[in-house]
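The model is a predicted one.

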Amino acid sequence: MNIILQIFDVIPIQTKNNISWSQHLSQALTSLPELVKHLGLSEKLSQQGIEAHQSFKLLVPRPYLSRIEYGNPNDPLLLQILPSAAEMQKVIGYTKDPLEEADHNPQKAIVHKYKRRLLVITTGTCAVNCRYCFRRHFPYGDNQLAQAEWQSVIEYLEKHPEVNEVILSGGDPLMMKDALLADKIRLLEALPQIKRLRIHSRLPVVIPARVCDDMLTWINKSRLDIVMVWHINHANEMDNELAQAAFKLKQAGVTLLNQGVLLKGINDTVDAQVNLSEAVFDAGILPYYMFTLDPVEGAAHFDISIEDAQRLMGKVAAELPGYLVPRLAKEIPGKPAKSVFAPLLDTTV
């Protein structure tokens, strides 16, 4: 393994495709001092983030790490994964369950908030720990389904024939090996009521090699309309390998959407939003939602107000055609659908 790591650091970027996604996972960086040293940053960043790291562990794969600018403490990708002292500040209104998912958790692993679709927590693990994650405090231990327990999801769906779309979430559903994922999907396919399978994932963004032949095999065999929603927040997260992964999925008939989170100091400028929309669309991914921050404990420093977000998206709308402007949205507990906010246009123009 040490030999592999040494090779990884010196081989040209185009040969990284020789490393499987699971190998990339095994090599993911988990040490805060190592991260700071690797990127040529001040040791103070490591010291300031120790407590936050202990509360919510650092985890970042090396393909994603390679896109972070060396020596730049304000790199927009770094700020998404770097533990900071700000996470430990208690702020009124920011809670461990910001979307009140516990109120819509009728049985193990199921979150059923909306009439015709339900969400299944497939795993509690991710390939990257994003500091703004709204499920950073989610009780995954109480919602982990063993392989044999997947039948309970099928039984729930049989009792709710109005549900025609299943959303796989987590954690990250693509952390499952493709053989296990394919077995679960076959059970869903056996239910005539299910039309669509939606997969929310950040794994192909941080490790593009996750879009592998095994994944494409079960996708091509499925009768379901498959929608994959990627979580890309900044244009710098895009690279050639990610674009190639998107192309393979498009060729397999997958609908690719992007939903981002509006994050203070990371993508809350017109240029950042315009560049993001252009970059994802160039890769065949349609801008879908731009969410305001869910008020999760530990992430208040990323938040901006709805009004500021509307003004920002108004300026973005003036720069882009409508199909490249993601809908500004917020998930408000108790509402029957996501709340969408219109951009505030500058009438002086």
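**Aromatic contacts**

Tyr 132 and Phe 302 are both buried. They belong to the aromatic pairs of this predicted model, for which the count comes to four.

**Tyr 132 and Phe 302**

- The ring centres of Tyr 132 and Phe 302 are 6.2 Å apart and the planes stand at 90°, so this pair is edge-to-face.
- Tyr 132 is in the loop between β2 (117-121) and α8 (150-159), while Phe 302 is in the loop between β7 (286-291) and α14 (306-317).
- The pair therefore ties together parts that are 170 residues apart in sequence.

**Phe 281 and Tyr 323**

- Phe 281 and Tyr 323 form a tilted aromatic pair, with 5.5 Å from centre to centre and 50° between the planes.
- Helix α13 (residues 270-282) holds Phe 281, and the loop between α14 and β8 (327-330) holds Tyr 323, so the pair ties together parts that are 42 residues apart in sequence.

**Cluster and charge over a ring**

- One aromatic cluster is formed by Tyr 288, Tyr 289 and Phe 291.
- Trp 21 has the charged end of Arg 210 over its ring, 4.1 Å from the ring centre.

Definitions and conventions:
Residues are numbered from 1 along each chain as its sequence is written. This is a predicted model: local features need pLDDT of at least 70, side-chain atom pairs count only at pLDDT 80 or more; totals for chains, interfaces and linings use all residues. Side-chain values use heavy atoms; hydrogens and water are left out. Rings of Phe, Tyr and Trp (its six-membered ring) pair if their centres lie within 6.5 Å; planes under 30 degrees apart count as stacked, over 60 as edge-to-face and the rest as tilted. Helices (H or I, at least four residues) and strands (E, at least two) are DSSP runs, numbered from the N terminus. Buried means under 20% relative accessible area, exposed over 50%, partly exposed in between (1.4 Å probe, protein chains only). A charge sits over a ring if NZ of Lys or CZ of Arg is within 6 Å of the ring centre and within 35 degrees of the ring normal.
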